[in-house]
Amino acid sequence: MEKGNGTGVTGNPMIVEELKNARRFAVSLAREVDAKNQMLLEIRRQNDEASAALSRVVAQKQKLQQSYGQEMAKMRCSLNLQLRNFGMQNTSLRQELASMQEELATLAKQDKKQSQGDLEPINLLVEKDKLKNQEIEELSSKLAEKIDEVQDMEALNQALIVREHISNEELQDARKELISTHLALVIQVLPTLLDGQSIGVKRMGEIDVDPFKVACLRKFSGTEWMVKSLELTSVWQAKVNDPKWQPFKKMLKNGKCQEVIDEQDSKLKELRSQWGEGVYNAVANALLELNEYNPSGRYAVSELWNFKEGRKASLKEVIQCLAQLLKTLNSAKRRRRVST
């Protein structure tokens, strides 16, 4: 092949330009890979810090709860036994005193005209009555002391409740940190790896759109059902977020007074009648979630969620999920290095 005939690789401007573009793309891709690797290292560092802090908080809370439960059980048992004994003694003495007083009154009426010698049995009863009164006063004093002890224990109980409240706040802060930082970074960098994961972030108070799609598919044809389902979901999401709408009622449930959905609410009755049980349940669930997580603001809030079991995820589950994702990342990085 001749060098000057224009058919060689180095003599073809288009091929040269393509090679330059490929080289620039490779350099850009390598920089992007390095940047994402740095971001993943930062995720791991933040996750380790959060895990360490969380472990300390959980251990402290468990120790506090265990100590609190043991102390309160001992104090309640001892106090109940002592109060029961004092109560029984006090009741018995008061009954005896009342009986003697009635007997004295009867004797006084019958023996008004008798001599002082005849009144000796009454005098004995009076002395006995004085002794009983003295015993009652002593028991009352002891009972007052026990009441003071109860008040001291109540003060201790309040202090423990405050400490438990502080621990709970620290746990909630840890949950918020995981929601706002760690999972956000993982979702941004590794969207494909999160597919199929049972642990993630759920928007509490957002209506599930699937029942609306099913209901609209039954009523509309063509592509109209899709538009209608979006419109219907948007309308009812706005109603759910409206703090003026309070379709709840109070009732006793599991021994506690709780707020539940008022099925007789006019809007909900019309929704169920027109669109069916699935759509009704989607709106009712969103209302209950907002009433639990953000009743004053009435807008959706994020929560760590176990989608497989349909419940709030524990911090332990979230950390295990993050650790698994980082392990998957490391494996993918090693495979990429081997292939290159």
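This is a predicted model: local features need pLDDT of at least 70, side-chain atom pairs count only at pLDDT 80 or more; totals for chains, interfaces and linings use all residues.
User: What are the elements of the protein, and in what order do they run from the N terminus?

Analyst: There are 7 helices and 5 strands. From the N terminus on, the order is α-α-β-α-α-β-β-α-α-β-β-α. Of the 340 residues, 29% count as buried. Among contacts between residues at least 6 apart in sequence, 68% join residues at least 24 apart.

User: Why is Arg298 called buried?

Analyst: The relative accessibility of Arg298 is 3%. Buried means under 20%, so Arg298 counts as buried. Arg298 lies in the loop between helix H6 (277–293) and strand E4 (301–306).

User: How do you know that Arg298 has no salt bridge?

Analyst: A salt bridge needs a side-chain nitrogen of Lys or Arg within 4 Å of a carboxyl oxygen of Asp or Glu. For Arg298 the nearest side chain of opposite charge is Asp242, and Asp242 is 6.8 Å away.

User: What does the side chain of Arg298 reach, and at what distance?

Analyst: The side chain of Arg298 reaches the backbone oxygen of Trp245 at 3.0 Å. Leaving aside neighbours within four places in sequence, Arg298 is in contact with several residues, among them Lys239, Asp242, Trp245, Phe248, Leu287 and Leu290.

User: What is the phi of Arg298?

Analyst: Arg298 has a positive phi of about 55°, although Arg298 is not a glycine.

User: What makes Lys202 and Glu289 a salt bridge?

Analyst: The closest N and O atoms of Lys202 and Glu289 are 3.0 Å apart. The limit is 4 Å, so the pair qualifies as a salt bridge. Lys202 lies in strand E1 (residues 199–204) and Glu289 in helix H6, so the pair ties together parts that are 87 residues apart in sequence. Both Lys202 and Glu289 are buried.

User: How many salt bridges does a search of the whole structure find?

Analyst: The search finds 7 salt bridges. One of them joins Arg203 and Glu206, with the closest N and O atoms 3.4 Å apart. Another has the side chains of Glu309 and Arg311 meeting at 2.7 Å, N to O. Salt bridges that share partners also join Glu263, Arg272 and Glu277 into one network.

User: Why is Glu309 called exposed, and why is Arg311 called partly exposed?

Analyst: Exposed means over 50% relative accessible area, and partly exposed covers the range between that and the buried limit of 20%. Glu309 has 53% relative accessibility, so Glu309 counts as exposed. Arg311 has 29%, so Arg311 counts as partly exposed.

User: Why are Arg203 and Glu206 called partly exposed?

Analyst: Arg203 has a relative accessible area of 36%, and Glu206 has one of 42%. Both values lie between 20% and 50%, so both residues are partly exposed.

User: Why is Thr233 called buried?

Analyst: Thr233 has a relative accessibility of 10%. The limit for buried is under 20%, so Thr233 counts as buried. Thr233 is found in helix H4 (residues 224–241). A polar atom of the Thr233 side chain lies 2.7 Å from the backbone oxygen of Ser229. Beyond neighbours within four places in sequence, Thr233 is in contact with Ile207, Val209 and Phe212.

User: Is Met153 buried or exposed, and how do you know?

Analyst: Met153 has 16% relative accessibility, which is under 20%, so Met153 counts as buried. Met153 lies in helix H2 (residues 120–189). Met153 and Arg76 are 77 residues apart in sequence and 9.2 Å apart in space, C-alpha to C-alpha.

User: Which residues line the largest cavity, and which helices supply them?

Analyst: The structure holds 1 cavity of 30 Å³ or more, and the largest cavity has a volume of about 70 Å³. Its lining consists of Leu40, Leu41, Arg44, Leu326, Leu329, Asn330 and Lys333. Helix H1 (13–110) and helix H7 (315–339) each supply at least two residues of that lining. The largest share, 4 residues, comes from H7.

How values were computed. Residues are numbered from 1 along each chain as its sequence is written. Side-chain values use heavy atoms; hydrogens and water are left out. Buried means under 20% relative accessible area, exposed over 50%, partly exposed in between (1.4 Å probe, protein chains only). Lys and Arg count as positive and Asp and Glu as negative; His and the chain ends are not counted. A polar contact is a pair of N or O atoms within 3.5 Å; within protein, one must be able to donate a hydrogen and the other to accept it, and residues adjacent in sequence count only if both atoms are side-chain atoms. Contact means heavy atoms within 4.5 Å. On a 1 Å grid over the protein atoms alone, a cavity is a set of points where a 1.4 Å probe fits but cannot get out, and a pocket is an open set with protein on both sides within 12 Å along at least five of seven lines; lining residues have an atom within 4 Å of a point. Grid points are joined across faces, edges and corners, and a volume is the space filled by probe spheres set on the points.
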